[in-house]
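Here is a structure to go through by question and answer. Each label is set against its cut-off.

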Amino acid sequence: MKIVSSSLALASLVGPALAGAIYTLNECVRGEGFYDSFNFENITDPTKGRVTYVNRTTAESLNLTYATSDTFILRADDTTVLNVNDTGRNSVRIRSNQRHHEHVVVFDIQHMPEGCGTWPAIWETKESGWPAGGEIDILEGANNVVPNQSTLHTSHNCSMPNNTLQSGTFITTNCDASVAYNIGCAVKLTQDDNSFGPAFNNIGGGWYAMERTLHYIKVWFWERQDPFVPLDVSSGAWMIDTDNWGIPAAYFPNNTECDIQSHFGANNIIIDLTFCGSWAGNAALYNASGCPLDCETYVNNNPTAFTNAYFQISSMNVYK
């Protein structure tokens, strides 16, 4: 189901007195609506992963994506033993048809991919000309290592202060993709190890939200049973007020070292699952995570290890 509301019509009902952090629903995507709102990227993985991203026809025929009225599944192959000449494990990468400037996006996620060698992500960028239009990693991690990491990647001259009002912790503050092997300015959600991997799945998931304005970018995470999750988030409301959402997990403010407006353009939303590559497959990081063998050998030879390597998403709501 795909519902597109008229923001102008709703705004006229709200009245001129409300401003600031009030947003109205622009697009609600559920179940089969993901097929309408996203396209399948049958491309070579830019991160050099041990993966073959398949098109929609192949994904549906191999049951790598399927949907009900209120759930969308995106998963990887878990039956095939690969040889060294194969291009990689079959998986899926989808990109939204719409591009967004200032907006809020809320994901209701029941399950995320888990397993050694996995590198799942939900993020925003404009692929052509990257990193000129910026990149916002909302949900990302590798090899089951907790917690989630939310990161910005930009062109030159963008750094974050190390003392922003957030519950997470900066591990790097330079967002420039050309510096330090494109680590970006990364915030670990150190307040909640349930924000990623098997721990996330064991609690039934939760909600991730990102707000992008001309002045800041914020990321929030709420667990499924969090008594403080805002009602407009958990209910998928037509109208939201981010001022009532509390301290974000990650906060990237406009500052003298980074002009948000000039570093971020109209970007697509991307959901993907890759394997190994430049992060999950980094030998030191892979071994430090406690995973066996080397990443590519493990991914090649152990298909059943990826039975739980799937996204189960109830909805994606975009607000403007």
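Predicted model: local features only at pLDDT ≥ 70, side-chain atom pairs only at ≥ 80, totals over all residues.

Q: Which residues lie nearest the centre of the largest pocket?
A: Trp119, Glu140, Asn182, Ser278 and Trp279 do, among 39 lining residues. Residues are numbered from 1 along each chain as its sequence is written, and side-chain values use heavy atoms, without hydrogens and water.

Q: What makes Arg89 and Asp77 a salt bridge?
A: The term needs a side-chain nitrogen of Lys or Arg within 4 Å of a carboxyl oxygen of Asp or Glu. Arg89 and Asp77 meet at 2.6 Å, N to O, so the pair qualifies.

Q: Why is Arg89 called buried?
A: Buried means under 20% relative accessible area (exposed is over 50%, partly exposed in between; 1.4 Å probe, protein chains only). Arg89 has 0%, so Arg89 is buried.

Q: Why does Asp77 count as buried?
A: Asp77 has 12% relative accessibility, so Asp77 counts as buried.

Q: How do you know that Asp108 and Arg224 form a salt bridge?
A: Their closest N and O atoms are 2.9 Å apart. The pair ties together parts 116 residues apart in sequence, because Asp108 lies in strand 9 and Arg224 in the loop between strand 16 and helix 5.

Q: Why does Arg224 count as buried?
A: Arg224 is at 16% relative accessibility, so Arg224 counts as buried.

Q: Which residues are linked in a network of salt bridges?
A: Glu41, Arg93, Arg95 and Glu127 are.

Definitions and conventions
1 Å grid on protein atoms, 1.4 Å probe; cavity = no way out; pocket = protein on both sides within 12 Å on 5 of 7 lines; lining within 4 Å. Helix = DSSP H or I, 4+ residues; strand = E, 2+ residues; numbered from the N terminus.
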